[in-house]
Amino acid sequence: MVKELDSGNSFRLSIKSLEDDSDPRVVHAGVQALCSSITQLSQLEQTKFAFLPNPQYSVLAEAIAHPRAVEPSLYAGLQCRAPLSKLRVVLRHVGNWLERTAQKTLFVLEIPPSHTITLQTSQAKILAQLLTLGEALLPPHEFYRTQAEGYVSTFGELTPAANANLSLVQQRVGLSIEEANELNATAKGPFKALAEKYQHFRKELLVCKQASDLDENFWNVMRAKAISMGLPEADAQFLKDERLNALHQEAEQTRQQAEAEAAAEAQRQHERQQRLLGYRHQFEEMVIDSLPQGVARKHIGPDGDQPDAALFHQNVMADLAGSDFNRGRLTQAREYYNLDPQEAKAVEKTVLDELYLLSDLL
Amino acid sequence: MAQNIACLIKFVDPQLKPDELDTEVHYLTEDLRDLDGMSQIRFDPILEIRDAVETRVGIRFIAHSDLLVSILRRLRDRLYYKPLETWFLFHISDLNLQIRTDQAEDLVDLMATAQSGLLFSPVRDYLAEAETYSRTQGELSPTELDNLNLLRQRLSLSAEQAELLNARAVGPYKTHAEKHRYFDETTAAEFSRLRHMDADHPFAPKDPWPVLQELAENLALPISEAEAIYQKHWQRYNDEIKLKTDQQSAKTAVDDSFVAETKAADAHQNQVEQAREHLEQYLSLCRQAMANSLYPSEFDQGRLDQARRLWDISLDEALTIETAVRNELYGGVESAAGVDYNRLRDLLLQQAWQEADMETEAVILKTLDRDMQPVTATTVQRLPAVDLATIDALWSRYSNKRFGFRAQQQVHRSQQQIQQDDRQQWLAFQQALGWREPSSLFYQGYQPYHDLNFSLEAPLGHLPTWRWCCPSLSDRYRLSLDVMAAVIHHLSLCMPLDPVPTPAVDPTAPTVLTGGQTRAV
């Protein structure tokens, strides 16, 4: 988790041009260039700057001279706050900038706990004293601990590069190896390695059984837990996304399973329909085969004038049952399509009804 | 090289009343004046208007840099006993140092810095110069060391002091090569950590470059060089990841292809299995339908016909299966001569022995294609072995091995062992089969056909008769010895009997004489 910058773990640097005779636009461009180049340094992309307006510059006069090109203000300096771990990088960067501009500039460096160093110079090598003195004035334990905590809050553990940096800091501020180890252990917290933190955090997230469980309230608790165990926010977020993905996958699997069950049921229904249809075709064939001469008068009824469906059914079925061969076919077909007697009867009745309706036409 | 420091100390605690402020300023002045070497210092009051009264809120004075440590110690002690918020300002050459605090500890680091000399001009200037040099190439070059030596002399620093400051400036890795190596090793370790993490559960990806960049800064290794080292390791790591991803993709593609092939093969296999299953089901239905009769009942035929349609079995396949089942259950009717033995099988199944014998005569003559011509010893040899085996198997199956050619061969063999003389052998053979009775002066002993025993009580090998060998199928038939010998010979070629096991001769057993033969009993 990236800590908020406060006066305990950061420094504030104010830079202001003291060149009264210089063109305010040149000074302004120099300030903007410095601001832009500092934000290009790694991990300083989000640095916030306050700009100091140039008192020599009159907006009103400029507006009269160039009415179409009025600028709100021109800057004579800037102020920024950055993590203590970046003191060296920033001051060296500012030193390079000073070497290029060579303008007389006021530098005010505020470092914890309550020191303010003020220096006026136009030379980079004199500005280098600010770094030497600034680092010398920092409380060694606090400085080292801040650095170590910074690494842990970014990487979740002390990586080889972080350890290498800390080793240099330890020698520079004059801490013993034992003191440094003790401070490292404090910075790491209860879990020494990132993998352990991941394992623990993953386990904690398992209590969420569905995506809605991982709501804002729960996540606030987990974030607090992540901070307390020294798990960086990026990692906590990563694990949250991982858990959410897993939950979504589980939900998707459940949905797919339900769909599969529904599909299986639909398939069962379809197969049943197919069986009924198959039996119907077979029964139709059997009836047709058993009546090679077509529907005879005897099937319709004795008088022939008032056809009776029930009688028609009875006669056709009697014809079918009259032949052992046909009975064998019927039995085999019913067994094959695995139909219960009611289903088979219903299909047979439908076929015979249709045949009965057609009998008038035959 | 001592220098003067302008000091300003002002109480800024808002709780202090003007009279308290005045008192505090008084005691502060006294405390400082009390220090060694401070008695001659001039302390100027800082005056401010408080509650419309001009009040002393602090003091200003100029002291020698050598005294700064003891001044700071005294100020620290005062804060320790009375933590009043105070503003301290020290003007040291072109540098202002301010501290605003009520904590005694906040002055400790300043004391340490003052003691180390870093606060003051010679040490501070030298160190700044040395650090600037060390940053350019990552080490102090001989020329830079020469320059620093000149600076040391100008600043009146001792060689030992300069050496310490040089060491501080370059850090623990003295040369550029050492720094390069250390950075390279650390970067390698950093990527090794990433590899290790990749091998386990997934982790949130993080860019290691910022910390390595910081390390390069701390080591004073040029950033461009550090970046080149980082890029080298990053490229290697990236190539590995890409390779792994490519391998994984290739494996997935192979797996997918394998799954698709397996699926297609399974589908094909299922079709084959289903077809096979249907054939087996049909076979089973046939067995069921033909279990009790050679030909299925009309009802069963209906079932078989419907099953054949439902299981999509062709007529030929169905017929083949039915024939196979019939052969399996009732004996095969194979014929090399294309003769139909179905009627013979029907008759034998019904145990209609005489009709079966007459059918046997008919099929044999049909096989030999004699067309009303007498059978000779030569024509007998044209009887196909397959047909002989079929006839024998049917007779044997339905008579429980009592009848058939094999039974007749066995009888012949037993007679062979008994009779030495050929003629006697054939006579005894026919008598054993029940085809003749012993002859007498007026009776040759031939049994007329209608007197033969057409039942299971008949002697072993009694049926089928060999009347088909005779010139005519008359009731009073007589078998020629030549033809009989030819039949037996042909049977022994087509259906050889198992060799007779030689009985073990017991030397202690007594010997008996039977018809001039000596046999072991």
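Okay, what are we looking at? This is a predicted model, so local features need pLDDT of at least 70, side-chain atom pairs count only at pLDDT 80 or more, and totals for chains, interfaces and linings use all residues. Residues are numbered from 1 along each chain as its sequence is written, chains are lettered from A and ligands numbered from 1 in the order in which they are written, and side-chain values use heavy atoms, with hydrogens and water left out.

Let's start with the sheet. In general, strands of a sheet pair through backbone hydrogen bonds, either parallel or antiparallel. Ours is an open sheet of ten strands with antiparallel pairing, and the order goes β2(A)-β3(A)-β1(A)-β4(A)-β5(A)-β5(B)-β4(B)-β1(B)-β3(B)-β2(B). Which strands are at the edge? Those are β2 (49-53) of chain A and β2 (44-50) of chain B, each pairing on one side only. Ignoring direction, neighbouring strands are turned by 15° against each other on average; the axes here are lines fitted to C-alpha atoms, for helices over the stretch in contact, and angles run from 0 to 180 degrees between N-to-C directions.

Now zoom in on chain B. Strand β1 (residues 4-11) and strand β3 (residues 53-64) of chain B are antiparallel, paired over seven bridges. If you want to find them on screen, B:Leu8 has B:Arg60 in β3(B) as its bridge partner, and B:Lys10 has B:Gly58. On to β2(B), which runs antiparallel to β3(B) and is joined to it by seven bridges. There, B:Ile46 has B:Gly58 as its bridge partner in β3(B). The hairpin of β2(B) and β3(B) has two residues between the strands, and in this hairpin B:Asp51 takes a positive phi near 50°.

Most residues other than glycine have a negative phi, and most peptide bonds are trans. B:Ser156 is not a glycine, yet its phi is positive, about 60°. You'll find B:Ser156 in the loop between α5 (142-154) and α6 (159-170) of chain B. For cis bonds, look at A:Pro112 and A:Pro113, joined by a cis peptide bond with omega about 0°. A:Pro113 sits in the loop between β4 (105-111) and β5 (115-121) of chain A. B:Leu463 to B:Pro464 is also a cis peptide bond, with omega near -5°, and B:Pro464 lies in the loop between α17 (422-433) and α18 (481-494) of chain B.

Next, a helix pair. The axes of α13 (residues 353-368) and α15 (residues 385-398), both of chain B, come within 11 Å and cross at roughly 175°. So α13(B) and α15(B) are roughly antiparallel to each other; the cut-offs are under 35 degrees for roughly parallel, over 145 for roughly antiparallel, 65 to 115 for roughly perpendicular, and oblique for the rest.

On a 1 Å grid over the protein atoms alone, a cavity is a set of points where a 1.4 Å probe fits but cannot get out, a pocket is an open set with protein on both sides within 12 Å along at least five of seven lines, and lining residues have an atom within 4 Å of a point. Grid points are joined across faces, edges and corners, and a volume is the space filled by probe spheres set on the points.

How many cavities of 30 Å³ or more does the search of the whole structure find? Four. The largest cavity holds about 80 Å³, and its lining includes B:Ile9, B:Phe11 and B:Glu24. α2(B) gives the largest share of that lining, three residues. The second largest cavity has about 60 Å³, with residues from both chains in its lining, among them A:Arg88, A:Glu135 and B:Glu217.

And the second largest pocket? About 560 Å³ of space lies there. Among its 30 lining residues, those closest to the centre are A:Arg92, A:His93, A:Asn96, B:Arg135 and B:Glu217. The most lining residues, seven, come from α3(A).

Notes. Helix = DSSP H or I, 4+ residues; strand = E, 2+ residues; numbered from the N terminus. Pairing = 2+ DSSP bridges.
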